[in-house]
Amino acid sequence: MAKRMKSIALGIASAVLVLAMVLGSAIPVAQGEPAQKVVKIGMCGAFTGPIAPVAGPWNEGIVDYTRYINEQGGIDGIKLEVIWYETGRSITKSIIAHRRFLGAGVVLEHIGSTVADAMATTFQRDEIPATCLNALSPGQITKPMWIFNSFTDWPTAFTMTVKWIKENLWTEARPMRVGAIGYDHHSFWCGLDGTKYFDRVGAEFVGREVVPVAGCVDTSVELLRLAGKKVDWLYLTSYGASTVTIIKDAARLEIQQKGIGLVAAPNTLDECTLVVVMKDANGWYSGKITPNPTETERLPGLVTLCEKAKEYRGYDVEKVKGFYIAGWLHQAAAVEAIRLAIEKVGYENLTGRAVREAMVSIRDFDTGFFYPMTITESAPFITTSFGMYQVKEVNFEPIEYLEPLPSLYMTPEEFLRAL
């Protein structure tokens with residue numbers, strides 16, 4: 001028995017010595033390798049669902065810009081990591097994604113238009129800023145702002161588009177009759193807030209028609225109703241699958257041949273839609289926040305963007321979509337805000353609040369692939385303008401890039417002065 005106990009004791013002692021040797025050799029190595037500094041960013045994915053044709057390329061652009069920045073050394077050696085969760089723009093899934101992102105320690109999120117109104121106060125409470133592939137709607141307004149949109153707001157886009165048409169394309173003395181068609185989404189409904197100011201620009205709003213977001217298979221009745229109201233111009237606000245249906249139905253019904261002009265809200269008609277509808281879009285006018293990838297003379301940084309799209313995705317220039325460029329743009333704004341925040345508070349003290357404060361301090365930030373960016377508390381937008389284009393021979397031909405536009409929702413006095 002004594003021999004057995006002595007054997008067990010020797011075995012335990014040997015195990016302890018071996019463990020000490022292992023730990024002793026491991027500790028110096030761990031101490032000699034400092035942990036990699038990483039900043040985490042959350043991204044709500046939408047590679048599925050009716051908005052996927054436009055949201056998917058946006059998500060890809062965010063990921064690819066992150067890879068590009070990391071290849072350049074990150075932010076002074078600090079790497080960026082995108083954590084993403086597929087939501088399909090579901091509010092329920094986006095709330096779950098947000099909780100996961102908080103647990104992972106993100107300092108900023110990229111979200112979609114469907115959930116922005118529902119979650120604005122959530123981002124405010126949790127002190128996490130978000131960029132949103134959207135224009136501003138009233139439900140996103142907090143004090144201070146925590147959601148930063150692509151563009152000013154929907155009624156500004158609608159009103160300023162009508163103003164541009166009246167000044168550049170309309171030749172008759174009478175007021176121009178305008179109708180609207182769009183999907184059942186706040187982007188469409190908010191846009192109608194601008195119609196009360198149409199008389200200031202010499203236009204008359206004669207009515208609207210609404211189609212489903214998902215399962216939109218025919219819009220003939222809606223288009224014919226508007227044509228029956230003798231509209232001169234028809235304004236479209238819709239994204240993804242429903243846009244395809246509306247454009248193809250308008251071509252089949254020969255709406256343009258009836259003397260009705262067709263114009264789309266910013267990026268409603270973009271490259272993602274054009275590759276599907278093809279010649280049926282010829283003649284349409286379209287606002288575009290993002291430039292054509294071939295506009296390198298004005299924006300030389302697009303050369304690098306397209307080279308990386310080819311390297312990372314195998315995309316030729318003609319396959320680079322406007323929403324892919326928008327992904328680069330949103331992530332560029334996020335990275336610049338993070339850089340400014342680290343510069344001010346340091347990596348160790350980096351928080352969502354610090355990133356938010358930095359976001360509204362961005363001034364004349366030049367990405368090279370877009371116009372210089374300035375973000376403020378009263379203009380919490382990545383851009384305050386858009387270009388007017390026309391589709392000719394299945395290509396977007398640039399006409400004019402509009403001057404910076406004030407927001408009806410944020411700066412109503414400036415908006416009225418601009419009319």
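User: How many positive and negative side chains does the protein have, and how far apart do the centres of the two sets lie?

Analyst: In this predicted model, there are 41 positive and 46 negative side chains. The centres of the two sets lie 7 Å apart. For scale, the C-alpha trace spans about 110 × 40 × 40 Å along its principal axes.

User: What does the secondary structure of the protein come to, and what share of its residues is buried?

Analyst: There are 13 helices and twelve strands. Buried residues account for 55% of the 419 residues. The accessible surface is about 18,100 Å², and 55% of that surface belongs to carbon and sulfur atoms. Of the contacts between residues at least 6 apart in sequence, 67% join residues at least 24 apart.

User: Why is N59 called buried?

Analyst: The cut-off for buried is under 20% relative accessible area. N59 has 0% relative accessibility, so N59 counts as buried. This residue lies in helix α2 (residues 52-71). Beyond four places in sequence, N59 touches M43, C44, G45, A46 and F47.

User: Why is T48 called partly exposed?

Analyst: Partly exposed covers the range between the buried limit of 20% and the exposed limit of 50%. T48 has 45% relative accessibility and therefore counts as partly exposed. T48 sits in the loop between β1 and α2. Leaving out residues up to four places away in sequence, T48 touches E86 and G88.

User: What makes β1 and β2 a pair, and what kind of unit do they make with α2?

Analyst: At least two bridges are required for a pair. Strand β1 (residues 38-45) and strand β2 (residues 79-86) have eight bridges and run in the parallel sense. Together, β1, α2 and β2 make a right-handed β-α-β unit. The right-handed label applies when, with the strands pointing away from the viewer, the path from the first strand over the helix to the second runs clockwise.

User: Why is strand β6 described as largely enclosed?

Analyst: Seven of the eight residues of β6 (residues 176-183) are buried, so the strand is largely enclosed by the rest of the structure.

User: Which strands pair with β6, and in which sense, parallel or antiparallel?

Analyst: β6 pairs with β7 (residues 203-211) over eight bridges in the parallel sense. V178 stands opposite F205 in β7. Between these strands the chain passes through helix α6 (residues 186-191), and the β-α-β crossover is right-handed. β6 also runs parallel to β8 (residues 233-237), joined by five bridges. There, I181 stands opposite L236.

User: Which residues of helix α7 are buried, and what do they pack against?

Analyst: In α7 (residues 220-228), the buried residues are S220, E222, L223, L226 and A227. They pack against β6, β7, β8 and α8 (241-252). A helix has 3.6 residues a turn, so residues three or four places apart point the same way. Just after α7, K230 takes a positive phi of about 60 degrees.

User: How do you know that strand β11 is largely enclosed?

Analyst: Five of the six residues of β11 (residues 387-392) are buried, so the rest of the structure largely encloses this strand.

User: What makes β10 and β12 partners of β11?

Analyst: A pair needs at least two bridges. Four bridges join β10 (residues 285-288) to β11, and the two run antiparallel. S286 has Y389 in β11 as its bridge partner. With β12 (residues 395-401), β11 pairs over six bridges, in the antiparallel sense. M388 stands opposite E400 in β12. β11 and β12 form a hairpin with two residues between them. In the turn, E393 has a positive phi of about 50 degrees.

Note on methods. Residues numbered from 1 in each chain as written. Predicted model: local features only at pLDDT ≥ 70, side-chain atom pairs only at ≥ 80, totals over all residues. Heavy atoms only, no water. Buried < 20%, exposed > 50% of the residue type's maximum accessible area, 1.4 Å probe, protein only. Contact = heavy atoms within 4.5 Å. Areas by Shrake-Rupley, 256 points an atom, 1.4 Å probe, with all protein chains shown as cover. Lys, Arg positive; Asp, Glu negative; His and termini not counted. Charge placed at Lys NZ, Arg CZ, Asp CG, Glu CD.
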